[in-house]
Amino acid sequence: MSTKTIGILGAGKVGTGVARQALKAGYRVLIAASGDPKKIDLIISVMAPGATAVTAEEAMAQADLVVLSVPLHKFRTLDPAALAGKHVLDTMNFWHDTNGDMPELEDASSSSEMVLTHIPEAHMAKSLNHIGYHELELDARPAGAADRRALAVAADYDETRAMVLEFVERLGFDAVDAGLLTNGTAFEPGTPIFTGSYDTAGLESELDAHLAGRGELTAAA
Ligand SMILES: NC(=O)c1ccc[n+]([C@@H]2O[C@H](COP(=O)([O-])OP(=O)(O)OC[C@H]3O[C@@H](n4cnc5c(N)ncnc54)[C@H](OP(=O)(O)O)[C@@H]3O)[C@@H](O)[C@H]2O)c1
């Protein structure tokens, strides 16, 4: 797998948490907020030393994998052209208190699919949305550790899925293939997977339970 550069959109709690873990895993990390990178230089040097603050355009252009960690209601500020053909990892969730009313969610079966309507040519995966930002570091373990936490990965493209499975593993978690992007409903807010913490067997069992009857555990593309 040739993933070398991670481009993170969002320099908040999740973005900087993912950046720290990705740096430990040996990735080159670019991180952007919505404005001038000079505004986040200091916070990045403190919160994710070794990451480079860049513009969103630079992050998207240079990344092998683009991580979306912006508030969900900002999804229309993402640039569809810059994300066309890119491998993209959606870590976002819907929280009414933060995001307000989002009627467009009613037309999509998952928040990732809603985001995909805005960036239709992105090759999107969903993961890391079902772990608290602080747990990215606290719960990370080396491969093979008895208490290693498992996280689910859903994606429609095999290459994207493989990249994100590897990324999650390198961050310090057992990565479990949840099949198609639409299966991400199994680990959105309100589900047992979202609220719990599982090893691989437990996570697979919860995925099966959630998706039983939908026949969507097989991969496509
Ligand atoms: N908090 C958690 O534990 C947790 C866990 C898993 C997933 N999530 C999800 O992850 C996402 C981020 O959460 P958070 O807690 O990290 O939010 P946050 O602390 O509020 O940070 C949001 C960041 O997004 C940036 N941003 C907004 N629009 C942007 C754009 N178009 N391009 C680049 N950056 C942009 C903001 O920059 P400006 O200040 O310049 O606008 C800010 O740096 C949310 O969807 C959340 O639901 C959160």
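Visitor: Just after helix 1, which residue takes a positive phi?

Guide: This is a predicted model, in which local features need pLDDT of at least 70, side-chain atom pairs count only at pLDDT 80 or more, and totals for chains, interfaces and linings use all residues. Residues are numbered from 1 along each chain as its sequence is written. Helices (H or I, at least four residues) and strands (E, at least two) are DSSP runs, numbered from the N terminus. The positive phi just after helix 1 is about 95 degrees and belongs to Gly-26.

Visitor: How many residues of helix 1 are buried?

Guide: A residue is buried if 20 or more other C-beta atoms, placed from the backbone, lie within 10 Å of its own, exposed if 12 or fewer, and partly exposed in between. The buried residues of helix 1 include Val-14, Gly-17 and Arg-20. Helix 1 is largely enclosed by the rest of the structure, because its 12 residues include a buried set of 9.

Visitor: Which helices do the buried residues of helix 1 pack against?

Guide: Packing rests on contacts, in which the C-beta atoms of two residues, placed from the backbone, lie within 7 Å. The strands packed against are strand 1 (5–9), strand 2 (28–32) and strand 4 (65–68). The helices are helix 2 (41–47), helix 7 (135–138) and helix 8 (158–171).

Visitor: Which helix gives the most to the shell around the ligand?

Guide: A residue is near a molecule or strand if its C-beta atom, placed from the backbone, lies within 6 Å of it. Of the 26 residues around the ligand, those that come nearest are Gly-10, Gly-12, Val-14, Ala-33 and Met-92. With 3 residues, the element that gives the most to this shell is helix 1.

Visitor: Within what arc do the buried residues of helix 6 fall?

Guide: Helix 6 (residues 111–118) has Ser-111, Ser-112, Val-115 and Leu-116 buried. They line one face of the helix, because the directions from the helix axis to the C-beta atoms fall, seen down that axis, within an arc of 145 degrees.

Visitor: What share of the residues in the protein chain is buried?

Guide: The protein chain holds 10 helices and 8 strands. Of its 221 residues, the buried share is 45%.
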